[in-house]
Amino acid sequence: MRYRESGRLDTGGVSDRRGRGGMGGGRGIAVGGGGLGLVGLLIVVVLQLAGGGGDGGVGSALGGLAGLGQGEQTDNSALEERCRTGADANDSVECAVVADVESIQDFWTATLGDRYVPTDTVFFAGQVQTSCGAASSGSGPFYCPADQGVYIDLSFFDQLQSQFGAQGGLFVNAYVIAHEYGHHVQNLLGTNAQVTPGESGPTSGTVRLELQADCFAGAWANHAETVPDESGGPLIEEITQDDVNRALDAAARIGDDFIQQNLGSGRIDQDAFTHGSSEQRQKWFATGYETGDPAQCDTFATDDLG
């Protein structure tokens, strides 16, 4: 994956809170549609709370990423200095994510029009306070419907390779971010209301929400090389078949069955599924990528999830 060298990056879609937080108070993490929550799947408290997307809803959204904990600040000055062009995105993971966020939100703005409300991705290190409560890096990337924010500790990308064995790469990172923005779209459209908080199982609403977010990520990826920025040119210059293969590899390694078997008890329990199997996650990302049509991502209208 390569970014257009001359493309101008806009850091306005990112709030940089790294090194400025404390856990603070709160009512516990609510991860919207469950987020990727990869590491969090192995933590009891996240298992109990994942998939509670209906609680926050658009109606309770505070906008502007409320939920700053005591002592937390957002300061993008250093990020703005480092991340100016597509050339910076080609050399830096954090700048690549800045470009991803801009491209993803430009895509959804063009797709949904006035129904799409832009929101920030928050960079944090170690721990963060959100309007859904306190969270740590162990939760994995997540979306908080109460403040409509996407949250990520960028060290997760390294963990995806070291702990999950994924091949990784800039496009894999973009897939992770696009998945979380898929949850934002679901929140804006009210899809979360179709899901009973905390339910699990291979055909549960929680799994359907996650697979749809994978499909939405694929739909964006289909258009990523043509989504124009403010200058009229795309920020993303090239996505190769190798990039797509790496994303499919990552999707397989974040399936419930893979995680249970390789990072959990070693036993596959479909009744505990909250994100879908490896095969399902690959299928729905591929559906979005091959069609480029979010309308093909209605995982709630099919009996065949894969």
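Student: Which residues have the most contacts inside the largest nonpolar core?

Tutor: Good place to start! In this predicted model, they are Leu9, Trp108, Phe157, Leu160, Phe171, Ile177 and Trp220, and the core they belong to has 62 residues. Two or more residues of this core come from each of α4 (93-112), β7 (149-152), α5 (156-162), α6 (170-189), α7 (205-223), α8 (241-253) and α10 (278-291).

Student: Which residues does Ile177 touch, not counting residues up to four places away in sequence?

Tutor: Ile177 touches Val97, Val101, Ile104, Ile152 and Phe157. There is also a second, separate core of nine residues, and among them are Val122, Val128, Phe142 and Ala146.

Student: How do you know that Cys83 and Cys95 form a disulfide?

Tutor: Set the value against the cut-off. A disulfide needs two cysteine sulfur atoms within 2.5 Å. The sulfur atoms of Cys83 and Cys95 are 2.0 Å apart, and the two form a disulfide.

Student: Why is the disulfide of Cys83 and Cys95 called left-handed?

Tutor: Look at the torsion about its S-S bond: it is about -80 degrees, so the disulfide is left-handed. This pair links distant parts of the chain, with Cys83 in the loop between α2 (77-82) and α3 (86-91) and Cys95 in helix α4, 12 residues apart. Both cysteines are buried.

Student: What parts does the pair of Cys132 and Cys144 tie together?

Tutor: Cys132 is in the loop between β4 (127-130) and β5 (133-136), while Cys144 is in strand β6 (residues 142-144), so the pair ties together parts that are 12 residues apart in sequence.

Student: Why does Cys132 count as buried?

Tutor: Buried means under 20% relative accessible area. Cys132 has 1% relative accessibility, so Cys132 counts as buried. Cys144, at 0%, counts as buried too.

Student: What about Cys215 and Cys297: how far apart are their sulfur atoms?

Tutor: They are 2.1 Å apart, and Cys215 and Cys297 form a disulfide. The torsion about their S-S bond is about -70 degrees, so this disulfide is left-handed. Cys215 sits in helix α7 and Cys297 in the segment after α10, so the pair ties together parts that are 82 residues apart in sequence.

Student: Are Cys215 and Cys297 buried or exposed?

Tutor: Cys215 counts as buried because its relative accessibility is 0%. The value for Cys297 is 0%, so Cys297 counts as buried as well.

Student: How many disulfides does the structure hold, and what is the pairing?

Tutor: The structure holds three disulfides. If you number the bonded cysteines in sequence order, the pairing is 1-2, 3-4, 5-6.

Student: How many helices and strands are there in the protein?

Tutor: There are 10 helices and eight strands. Of the 306 residues of the protein, 57% count as buried.

Technical notes: Residues are numbered from 1 along each chain as its sequence is written. This is a predicted model: local features need pLDDT of at least 70, side-chain atom pairs count only at pLDDT 80 or more; totals for chains, interfaces and linings use all residues. Side-chain values use heavy atoms; hydrogens and water are left out. A nonpolar core is a set of buried Ala, Val, Leu, Ile, Met, Phe, Trp, Tyr and Cys residues joined through side-chain atoms within 4.5 Å. Buried means under 20% relative accessible area, exposed over 50%, partly exposed in between (1.4 Å probe, protein chains only). Helices (H or I, at least four residues) and strands (E, at least two) are DSSP runs, numbered from the N terminus. Contact means heavy atoms within 4.5 Å.
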